[in-house]
Amino acid sequence: MTKDRIRISMKSVSQRIIAAVYAAGTMTTAELIQTLSDIPQPTVYRYVRDLLETGALEVAGEERKRGGVERTLKIAPAPDGGFDVFASAMLCVRESFRRYFELDNPDPIRDMLTFSGATLMLDDGEYATLLSEIGKLIEASLNKEKRDGRRERQLYILSAPVVEDNK
């Protein structure tokens with residue numbers, strides 16, 4: 001993973017763009033701007049350009065629209081078979097925690113900073129249902145307008161199969 005790719009992937013706007021494209025599978029830049037409506041359009045274009053240049057995103061297709069070309073974006077495959085995306089995501093999480101604890105008065109209880117984990121025994125159908133339900137809860141909280149008492153919060157969900165040691 002290049003330093004430029006790490007640098008751009010650690011920015012919250014990049015994380016939101018990557019998350020939106022990942023969730024959709026593919027997404028046009030126009031759809032991305034609509035989904036991330038709280039981010040100014042020029043900022044979205046700039047970050048998409050940087051994510052394309054660093055190889056985090058790639059163009060899945062292009063279509064002529066009203067005298068221009070509309071690009072459809074997708075997550076670029078990782079050069080190392082997937083671990084690059086995981087490593088980038090973990091660096092983003094680490095950076096978020098680092099910035100938080102560098103604040104003048106961090107208070108994890110007041111700010112509801114959490115980190116938890118659980119090992120679940122579910123078949124694929126049960127697990128898909130669980131993820132779908134979590135997705136519905138998250139979707140209900142996306143794109144809420146800023147107002148007194150509301151602040152931006154990052155929620156990360158990490159899932160991996162348990163690999164048994166065969167020793």
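In the predicted model, Lys-136 forms a salt bridge with Glu-133 (a side-chain nitrogen of Lys or Arg within 4 Å of a carboxyl oxygen of Asp or Glu), and the closest N and O atoms of this pair are 3.4 Å apart. Both residues belong to helix α6, where a spacing of three residues separates them by about one helical turn; helices (H or I, at least four residues) and strands (E, at least two) are DSSP runs numbered from the N terminus. Glu-133 is partly exposed, at 40% relative accessibility, on a scale where buried means under 20% relative accessible area, exposed over 50% and partly exposed in between (1.4 Å probe, protein chains only). Salt bridges with shared partners also join Arg-16, Asp-38 and Glu-152 into one network, and a search of the whole structure finds nine salt bridges.

A further salt bridge links the side chains of Arg-49 and Glu-53, at 4.0 Å from N to O. These two residues lie four apart in helix α4 (residues 41–53), so about one helical turn separates them. Arg-49 is partly exposed, with a relative accessible area of 40%, whereas Glu-53 is exposed at 61%.

Asp-111 pairs with Arg-151 in a salt bridge whose closest N and O atoms are 3.2 Å apart. Because Asp-111 lies in the loop between α5 (83–101) and α6 (124–141) and Arg-151 in the segment after α6, this pair ties together parts that are 40 residues apart in sequence. Asp-111 is buried, with a relative accessible area of 9%, while Arg-151 is partly exposed at 47%.

The second largest pocket has a volume of about 160 Å³. On a 1 Å grid over the protein atoms alone, a pocket is an open set of points with protein on both sides within 12 Å along at least five of seven lines, and lining residues have an atom within 4 Å of a point; grid points are joined across faces, edges and corners, and the volume is the space filled by probe spheres set on them. The lining includes Thr-29, Ala-30, Tyr-45, Lys-65 and Arg-66. Two or more lining residues come from each of α3 (29–35) and β3 (68–75), with β3 giving the largest share, four residues. By class, the lining has three nonpolar, two polar and four charged residues, where Ala, Val, Leu, Ile, Met, Phe, Trp, Tyr, Cys and Pro count as nonpolar, Asp, Glu, Lys and Arg as charged, and the others, Gly among them, as polar.

Residues are numbered from 1 along each chain as its sequence is written, and side-chain values use heavy atoms, with hydrogens and water left out. For this predicted model, local features need pLDDT of at least 70 and side-chain atom pairs count only at pLDDT 80 or more, whereas totals for chains, interfaces and linings use all residues.

Terms used. On a 1 Å grid over the protein atoms alone, a cavity is a set of points where a 1.4 Å probe fits but cannot get out, and a pocket is an open set with protein on both sides within 12 Å along at least five of seven lines; lining residues have an atom within 4 Å of a point.
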